[in-house]
2 protein chains.
Amino acid sequence: MTQHSESTDLDPVKREIMEATYRALSKHGYGSLTIQAIADEFENSKSLLYYHYESKDELLLDFLDYALTQFFTAVRVRDAPADDQLRTLVDNLVPETLPEDPYRVQLAMFELRVNAPHDADCQAQYLKADRELKTLLESTIQRGIDSGLFAAVDPEIEAELLLSLLTGTRTRRLTVSEGFSVDTARTALLTQIRRLKGDSDAPASADDSDTGS
Amino acid sequence: MTQHSESTDLDPVKREIMEATYRALSKHGYGSLTIQAIADEFENSKSLLYYHYESKDELLLDFLDYALTQFFTAVRVRDAPADDQLRTLVDNLVPETLPEDPYRVQLAMFELRVNAPHDADCQAQYLKADRELKTLLESTIQRGIDSGLFAAVDPEIEAELLLSLLTGTRTRRLTVSEGFSVDTARTALLTQIRRLKGDSDAPASADDSDTGS
């Protein structure tokens, strides 16, 4: 709808609300976020925001959906080899460095996740994220097998492994913080991806310069 | 100290408080848990409980430590082959069924985990859990390599993979609930363990009856 849309056909007002939410989350985090704090970041009429949303959690669920769409737009590498697609996912979900702003937003999304067991709408949103990521992983692995790049693995099982691995790595990074080694975590993830090629004896090194990509 | 201690030398009063906490958590969950609800489950003098703990979160951190000790006592299979030890860990952390009581306690521990980024004591406790589990995984994998059961993998990287896998599987189970297939998750975990033996072409089946254990 808007000509400025990079990736989605989101209503321009909703997009502005989502961008205001990102700024508010990166300033305040989830715990001290109020709908007023989001309104303060919103350049348009405040009443428009209150017209769209009654509560912070309702707004955050829409934000989660928005962030998910942005994420999938950013990480889909069309026509790239399957292992490059998987490494792009790792780079986006477990980046080498996590500056303060995206850290706070990632943490807020994790804190919101804790509501999922108690809130059907929240659970549906996290289930959607889980399924979409698994579908992308599975189709990528299948593509890698079809192209002869990956060994004849079971795509569903390998997608399940990578999805739990990525989820667990992010959970650990956020919650054991200082005791977490992102280098070790990334080396482990890249080892798991390299193993799909059947290089089971490949040394556990994060250097993938041999893939010619 | 107590003759009834199954596994630890915990002060008998503390043990009673911990058992009362388990009952209170399994009844109320984390969200609606109060220190009064724990006191209601405590058969000893209530003032003893208030003497030991000022807040619910302080008590829950001790409970987490207690649960961790209980867990490691339950899962260490001395002199068992390394793959049996790893499967025992999977059976304990990702059981086929999760009845209501342990589900509520597991969920409470997950909800408490969300405090870790904001609370140094809480973070220290989760870091301890993370490190102890990783040490057990790594030493088990090393033992499997030394005994010739496992291929010459990198024990630290494989321990990192299994730790993130187990953490992520539990996070997903709790938060996408109905959309989570425990069968697929367990098959994936057991595939990852079997792969340590170098059976990279092994079919993705949860049947491990060929190990002769």
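Colleague: Which residue caps the N-terminal end of α7(B)?

Modeller: Asp119(B) does, with a side-chain oxygen 2.9 Å from the backbone nitrogen of Asp121(B). That is a polar contact, meaning a pair of N or O atoms within 3.5 Å; within protein, one must be able to donate a hydrogen and the other to accept it, and residues adjacent in sequence count only if both atoms are side-chain atoms. Helices (H or I, at least four residues) and strands (E, at least two) are DSSP runs, numbered from the N terminus.

Colleague: What should I know about the model and the numbering?

Modeller: This is a predicted model, in which local features need pLDDT of at least 70 and side-chain atom pairs count only at pLDDT 80 or more, while totals for chains, interfaces and linings use all residues. Side-chain values use heavy atoms, with hydrogens and water left out; residues are numbered from 1 along each chain as its sequence is written, and chains are lettered from A and ligands numbered from 1 in the order in which they are written.

Colleague: Gln85(B) next. Buried or exposed?

Modeller: Gln85(B) is buried, with a relative accessible area of 3%. Buried means under 20%, exposed over 50% and partly exposed in between, with a 1.4 Å probe and protein chains only. Gln85(B) sits in helix α5 (residues 82-93) of chain B.

Colleague: What does its side chain reach on the backbone?

Modeller: The side chain of Gln85(B) reaches the backbone oxygen of Val75(B) at 2.6 Å and the backbone nitrogen of Val77(B) at 2.9 Å. Beyond four places in sequence, the contacts of Gln85(B) (heavy atoms within 4.5 Å) include Leu136(B), Thr140(B) and Arg143(B).

Colleague: Switching to rings. How many aromatic pairs are there over all chains?

Modeller: Five. Rings of Phe, Tyr and Trp (its six-membered ring) pair if their centres lie within 6.5 Å; planes under 30 degrees apart are stacked, over 60 edge-to-face and the rest tilted. Phe63(A) and Tyr66(A) are tilted, because their planes are at 40°, with the centres 6.1 Å apart. Both lie in helix α4 (residues 56-75) of chain A, three residues apart, and both are buried.

Colleague: Which pair crosses between chains?

Modeller: Phe110(A) and Phe110(B) form an edge-to-face pair, 5.8 Å centre to centre with 85° between the planes. The pair runs from helix α6 (residues 100-113) of chain A to helix α6 (residues 100-113) of chain B. Phe110(A) is buried at 6% relative accessible area, and Phe110(B) is buried at 6%.

Colleague: Which residue lies over the face of Tyr30(A)?

Modeller: Lys56(A), at 4.4 Å from the ring centre. Lys56(B) lies over Tyr30(B), also at 4.4 Å. The criterion is NZ of Lys or CZ of Arg within 6 Å of the ring centre and within 35 degrees of the ring normal.

Colleague: What rotation superposes chain B on chain A?

Modeller: One of 180° with 0.0 Å of shift along its axis, RMSD 0.0 Å. The copies are thus related as by a two-fold rotation axis. Of the residues of chain B, Gly168(B) comes closest to the axis, at 1.7 Å (C-alpha).

Technical notes
Copies are superposed by least squares on the C-alpha atoms of residues with pLDDT of at least 70 in both.
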